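Here is a friendly walk through one protein chain, with the cut-offs spelled out as they come up. Have your viewer ready and follow along.

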Amino acid sequence: MWKGCDALSLMSDNVRHELVPFSLDDMVAECARGVFAIAIADGGAKVAARLKDEPLSFMMLPLKYALTAPFWLMKLLGWGAKLRGDSATADFLLGPSGSAVDVQTGIDKVYDGRKRLIQKMKAEKIDLLLCPSFVCPAVPHWLPNQIPHTAMMYAFFWNAMDFPAGVVTTSKWTEKDEADLKSYPGMKGLVQAAIKRRCRNSVGLPLSVQVVAPSYRDEMVLRVMVDLYDAMKQGGESSV
């Protein structure tokens, strides 16, 4: 899926950015658990009440059913997903809470994640991060509603960290990607299955890279976005 690598190497050669590997470890997963505990602090009751009489599209039904299900059922399904190894679905279903203690724990997870990320970037002398902008090519409306946890992760993690971010198109889904998709691993959960199903028949659709920097370094994000855009034009790719 990490199709931006060639473009990033080109950018590095042209403008002397040094690219090095960097891992977020478990920070994203821990932050996600914290955010869901905060955002759905009443077990999803308020969100469910708002959705109750809404004339929702059929594409919203999976999300509606998940949020309007009884609290005990969400927990039961969540533990079932966890035992099955489907961690993304488990985190979404187990995240909502009705306890003030869980909400405070969620807040602590977010702040701890921000502290750990900044410390790690400083220790490894990382100025900014380059990462995928989403799990697949251009997204249809139905996909985020079927995998809300995973769909939101690529944006809300950086919002929770208070990091500025921007997205630049780097390449397109090719015939080779389509062929490689047949052997795509990790089809053990609902989320992975939905991602694989969405990636089919995507030849020609754009793929992009997300540029992220610590707080108050918006100009650095914009500068690297411009460098990446220029590198892609020189490399023969069009940006949209």
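## Ground rules and overview

Buried means under 20% relative accessible area, exposed means over 50%, and partly exposed covers what lies in between, with a 1.4 Å probe and protein chains only. This is a predicted model, where local features need pLDDT of at least 70 and side-chain atom pairs count only at pLDDT 80 or more, while totals for chains, interfaces and linings use all residues. Residues are numbered from 1 along each chain as its sequence is written, and side-chain values use heavy atoms, with hydrogens and water left out.

The protein chain has twelve helices and three strands. These elements are DSSP runs numbered from the N terminus: helices are H or I with at least four residues, strands are E with at least two. Of the 240 residues in the protein chain, 40% count as buried. Contact means heavy atoms within 4.5 Å. Among the contacts in the protein chain between residues at least 6 apart in sequence, 81% join residues at least 24 apart.

Side chains of opposite charge can pair when their charged atoms come close. Here a salt bridge is a side-chain nitrogen of Lys or Arg within 4 Å of a carboxyl oxygen of Asp or Glu, and by this rule the count comes to six. One of them joins the side chains of Asp25 and Lys120, at 2.9 Å from N to O. That pair links distant parts of the chain: Asp25 belongs to the loop between helix H1 (5-15) and helix H2 (27-39), whereas Lys120 is in helix H7 (residues 100-123), 95 residues apart. Asp25 counts as exposed at 51% relative accessibility, but Lys120 is buried at 16%.

Asp26 forms a salt bridge with Arg116, with the closest N and O atoms 2.7 Å apart. Asp26 lies in the loop between H1 and H2 and Arg116 in helix H7, so this pair ties together parts that are 90 residues apart in sequence. Asp26 is partly exposed, with a relative accessible area of 36%, and Arg116 is partly exposed at 28%.

Where do Arg33 and Glu30 lie? Both are in helix H2, three residues apart, which is about one turn of the helix. Arg33 is partly exposed at 32% relative accessible area, and Glu30 is partly exposed at 22%. Glu30 and Arg33 are linked with Lys109 in a network of salt bridges.

## Aromatic pairs

Rings of Phe, Tyr and Trp (its six-membered ring) pair if their centres lie within 6.5 Å; planes under 30 degrees apart count as stacked, over 60 as edge-to-face, and the rest as tilted. The structure holds three such pairs. In one of them, the rings of Phe134 and Tyr154 have centres 5.8 Å apart and planes at 55 degrees, so the pair is tilted. Phe134 is in the loop between strand E1 (129-132) and helix H8 (142-146), and Tyr154 is in helix H9 (residues 148-161), 20 residues apart. Phe134 is buried, with a relative accessible area of 17%, while Tyr154 counts as partly exposed at 24%.

The rings of Trp158 and Phe163 have centres 6.0 Å apart and planes at 20 degrees, so that pair is stacked. Both Trp158 and Phe163 are buried, and together with Phe157 they form one aromatic cluster.

## The sheet and its helix

Three strands form an open sheet in the order E1-E3-E2, with antiparallel pairing. The edge strands are E1 and strand E2 (165-172), each pairing on one side only. The twist averages 30 degrees from one strand to the next. Two strands pair if DSSP finds at least two bridges between them; E2 and strand E3 (residues 206-212) have seven, in the antiparallel sense. Val168 has Val209, in E3, as its bridge partner.

Helix H12 (residues 218-234) lies across E1, E2 and E3, running at about 10 degrees to E2. Axes are lines fitted to C-alpha atoms, for helices over the stretch in contact, and angles run from 0 to 180 degrees between N-to-C directions.
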